[in-house]
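Here is a short report on charged side chains and how they pair. Look over the sequence and the structure first.

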Amino acid sequence: VMCLATKKTAARLHKTMADLSTYCPEKKRPDKYGLPANFTVLSEMGEVANAMLDAKVLSVIKRYEECIDYIHMSDQYSGPRLQEDTQPTKLPEVKKVLLFGFNVPGMGRVSAETMEEMRPLLQLVFYCVDKVRRFKLSKEAKQKSDRNRLKVEEEFLKTTHAQRQEAAQLKREERRRVEKERIMNEEDPDKQRKWEEREHRRELKRRTPKMKQLKVKTL
């Protein structure tokens, strides 16, 4: 997962896109890669950025600095982040993408001359597609990448497990509330007393810490 973007766009994408916010927690300085100062690099693996931002790519970026908004490559792309109040039941489907955002001069009226001038940007797209297709992570980076993806999956399972437990608890409380309301409406003091005693025992049992039993064998 990697993204090269202008600082303003990088901040927006890092906040809104699920893969970038998950796998690229840190923003890298542009001078580290020989980029113009108004760019920011978001990269899961340093060797990916080093490989992709070679001399040919950098020369096009510097020449068309005003036209390039972002270049986003990812094997974990799932679109925008889910809202905080959304509780997904399964991991989002991901896909491999290579996205380019260009600022084309002309305010919607692009002349043939402008398109011809921007031909190197189109060539950059095909160059990057071919470069990504041929790129292979080192053994160490591949292992780190696999660990990152496994960690995301484990965190998701922990979250959904806690959510399921909370939902089950709410259902149990709702059933007890309905049962209590029904018992109280029957105007049967004996039944009400027995229900309250049962609930009291249940509450005591819930609050009592569980003790481990040790079995001792006699000789």
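## A partly exposed aspartate

Asp75 has 29% relative accessibility and counts as partly exposed. The cut-offs: buried means under 20% relative accessible area, exposed over 50%, and partly exposed in between (1.4 Å probe, protein chains only).

This is a predicted model, where local features need pLDDT of at least 70 and side-chain atom pairs count only at pLDDT 80 or more, while totals for chains, interfaces and linings use all residues. Residues are numbered from 1 along each chain as its sequence is written, and side-chain values use heavy atoms, with hydrogens and water left out.

## A bridge across the chain

Asp75 forms a salt bridge with Arg149 (2.9 Å, N to O). The term means a side-chain nitrogen of Lys or Arg within 4 Å of a carboxyl oxygen of Asp or Glu. This pair links distant parts of the chain, 74 residues apart: Asp75 sits in strand β4 (residues 68–77), Arg149 in helix α7 (residues 139–185). Helices (H or I, at least four residues) and strands (E, at least two) are DSSP runs, numbered from the N terminus.

Arg149 is buried, at 16% relative accessible area. A network of salt bridges links Glu44, Asp75 and Arg149.

## Other pairs

The whole structure holds eight salt bridges. One of them joins Asp130 and Arg133 (2.5 Å, N to O). Both residues lie in helix α6 (residues 119–134), three residues apart, about one turn of the helix. Asp130 is partly exposed at 28%; Arg133 is exposed at 59%.

Glu116 and Arg119 also meet in a salt bridge (3.1 Å, N to O). Glu116 is partly exposed at 45%, and Arg119 is partly exposed at 43%.
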